[in-house]
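Student: Hi! Could you walk me through this one while I have it open on my screen?

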Amino acid sequence: MTKDIFASLVSRRSIAKVTDQPVSRSLVERVIEAGTFAPTHKRTDPWRFVVFEGDGRQKLADAMVEGYKQSNRDFSAEKLEKIAQKPFRAPVIVMVWCAVGRGKKNPPPWEDYAAVAACLQNMSLAAHGFGLGSIWRSGSLTHFPQVQALCQSGDDSFNLEMGDQIMGLLYIGHPDCNYPEPNRFPNPAQVNWLDG
Ligand SMILES: Cc1cc2nc3c(=O)[nH]c(=O)nc-3n(C[C@H](O)[C@H](O)[C@H](O)COP(=O)(O)O)c2cc1C
């Protein structure tokens, strides 16, 4: 591992505070491209992407709100408004979902999920390398059928019975310099060295 790679991966942080400044489509494409270089067992390439930018974010907001309304009897206008605002926290959101078992030969589902998690990490690191901020968000809103119905990428549609999973929403933008950079002090690794 070169020093540059090490320095990049230890300096990457989840950046929640970004500006409204648009992110160029070519940069978003390169971030996605970086994701597709993640390792994948049996070359299933299980990652699928949906990009929400500009007014397209409203589609995600509508699906989240509708999903929340359908699965919660008691909801307040304030709560719905809070949910509706979530996709507008960054100029671009890449929804990354895992299409399980679509290869000619397939590993166990967990290996497809693992590959897509690696894809998301590659994307975060690529964004960091381009000077962008990103944060990987998950949460219960991605479990709503209304949100999953937005997962149409290429020839594939979200199929819950196959085990498909929304693995994350990667919020991407230019870091807002008015907020301090977050710190990270990882716990020491728990390692058992068997060397004798
Ligand atoms: C699978 C996964 C899901 C995450 N979901 C959320 C989330 O829903 N909301 C959030 O604020 N951060 C989320 N994060 C980001 C973590 O909070 C963040 O990685 C952690 O605080 C460590 O900070 P760092 O990424 O700056 O090192 C998620 C991270 C992972 C790996």
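Tutor: Happy to. One term before we start: helices (H or I, at least four residues) and strands (E, at least two) are DSSP runs, numbered from the N terminus. Also keep in mind that this is a predicted model.

Student: Got it. Which strand gives the most to the shell around the ligand?

Tutor: That is strand β3, residues 133-137, which contributes 3 residues to the shell.

Student: And which residues surround the ligand?

Tutor: Arg13, Ser14, Ile135, Trp136, Arg137, Ser138, Gly139, Gly168, Pro182 and Arg184 surround it.

Student: How does that shell split by class?

Tutor: There are 3 nonpolar, 4 polar and 3 charged residues around the ligand.

Student: Is β6 mostly covered or mostly open?

Tutor: Mostly covered: 9 of its 9 residues are buried. β6 covers residues 165-173, and it also pairs with β2 in the antiparallel sense, over 7 bridges.

Student: Which residues face each other there? Say, what is the bridge partner of Met95 in β6?

Tutor: Met95 has Leu169 as its bridge partner.

Student: Why would you call β2 largely enclosed?

Tutor: Because 7 of the 7 residues of β2 (residues 92-98) are buried, the strand is largely enclosed by the rest of the structure. The cut-off behind that word is 20 or more other C-beta atoms within 10 Å of a residue's own.

Student: Which residues cover the two faces of β2?

Tutor: On one side you have Val92, Val94, Val96 and Cys98, and on the other Ile93, Met95 and Trp97.

Student: Which α5 residues are buried?

Tutor: Asp112, Ala115, Val116, Cys119, Leu120, Asn122, Met123, Ser124, Ala126 and Ala127. An α-helix has 3.6 residues a turn, so residues three or four places apart point the same way.

Student: What do those buried residues pack against?

Tutor: They pack against α2 (25-35) and against the strands β1, β2, β3 and β6. Just after the helix, Gly131 takes a positive phi of about 80°.

Student: Which other residues have a positive phi although they are not glycines?

Tutor: Lys42, at about 60°, and Asp45, at about 40°. Lys42 lies in the loop between α2 and β1, and Asp45 is found in that loop too.

Student: Let's zoom out. How many helices and strands does the protein chain have?

Tutor: It has 6 helices and 6 strands. From the N terminus on, the order is α-α-β-α-α-β-α-β-α-β-β-β.

Student: And how does the radius of gyration look?

Tutor: A compact globule of 196 residues would be near 16 Å, and the protein chain has 18 Å, which agrees. The C-alpha trace spans about 60 × 50 × 35 Å along its principal axes.

Student: Last one: how much of the protein chain counts as buried?

Tutor: Of its 196 residues, 30% do. On contacts, residues 24 or more positions apart account for 83% of those with a separation of 6 or more.

How values were computed
Residues are numbered from 1 along each chain as its sequence is written. This is a predicted model: local features need pLDDT of at least 70, side-chain atom pairs count only at pLDDT 80 or more; totals for chains, interfaces and linings use all residues. A residue is buried if 20 or more other C-beta atoms lie within 10 Å of its own, exposed if 12 or fewer, and partly exposed in between; C-beta atoms are placed from the backbone. Two strands pair if DSSP finds at least two bridges between them. A residue is near a molecule or strand if its C-beta atom, placed from the backbone, lies within 6 Å of it. Ala, Val, Leu, Ile, Met, Phe, Trp, Tyr, Cys and Pro count as nonpolar, Asp, Glu, Lys and Arg as charged, and the others, Gly among them, as polar. Two residues are in contact if their C-beta atoms, placed from the backbone, lie within 7 Å. The radius of gyration is taken over C-alpha atoms; the globule rule is 2.2 Å times the number of residues to the power 0.38.
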